[in-house]
Amino acid sequence: MANINDTCIGCGTCAAIDDQLFKVEGNPSKAKLIKQPEGPEEQKKYEEAKASCPVGAIE
Ligand code: SF4
């Protein structure tokens with residue numbers, strides 16, 4: 001199951017890749033999953049965000 005762990009530094013990269021899946025909010029800012037990725041397009045975006053996260057917080 002898609003998940004974001006506590007190492008997130010709130011950089012915003014994942015939300016920039018897909019703002020339908022990821023939202024960065026709070027202080028200190030952290031990414032949240034808006035929904036689980038469904039279907040090939042969302043899975044592709046999820047994997048792209050996962051590969052782009054600088055701290056490997058997207059599991
Ligand atoms: S790309 Fe990674 S570190 Fe940056 S906001 Fe998203 S989960 Fe957090």
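A residue counts as buried here if 20 or more other C-beta atoms lie within 10 Å of its own, as exposed if 12 or fewer do, and as partly exposed in between, with C-beta atoms placed from the backbone. Take Lys45 as a test case: it has 18 C-beta neighbours inside 10 Å, so it counts as partly exposed. Before going on, note that this is a predicted model: local features need pLDDT of at least 70, side-chain atom pairs count only at pLDDT 80 or more, and totals for chains, interfaces and linings use all residues. Residues are numbered from 1 along each chain as its sequence is written.

Lys45 is in helix α2; helices (H or I, at least four residues) and strands (E, at least two) are DSSP runs, numbered from the N terminus. Leaving aside residues up to four places away in sequence, Lys45 touches Ile17, Asp18, Leu21 and Pro37, where contact means C-beta atoms, placed from the backbone, within 7 Å. Gly12 is another matter: Lys45 and Gly12 are 33 residues apart in sequence and 14 Å apart in space, C-alpha to C-alpha.

Now step back to the whole fold. The protein has two helices and two strands, and along the sequence they follow the pattern α-β-β-α. Its radius of gyration (over C-alpha atoms) is 10 Å, close to the 10 Å from the globule rule for 59 residues, so the protein is as compact as a globular protein of that length; that rule is 2.2 Å times the number of residues to the power 0.38.

The strands come next. Strand β1 (residues 22–25) pairs with strand β2 (residues 30–33) in the antiparallel sense over four bridges; pairing requires at least two DSSP bridges. Val24 has Ala31 in β2 as its bridge partner. The two strands form a hairpin with four residues between them, and Gly26 in the turn has a positive phi of about 95°.

What about the inside? The largest nonpolar core has 11 residues, among them Cys8, Cys14, Phe22, Ala31 and Cys53; such a core is a set of buried Ala, Val, Leu, Ile, Met, Phe, Trp, Tyr and Cys residues joined through C-beta atoms within 7 Å. Cys14 touches Phe22, Ala31, Ala49, Cys53 and Ile58, again not counting residues up to four places away in sequence.

Finally, the ligand. It is surrounded by 15 residues, and the closest are Cys8, Cys11, Thr13, Cys14 and Cys53; the cut-off is a C-beta atom, placed from the backbone, within 6 Å.

Terms used. Contact = placed C-beta atoms within 7 Å.
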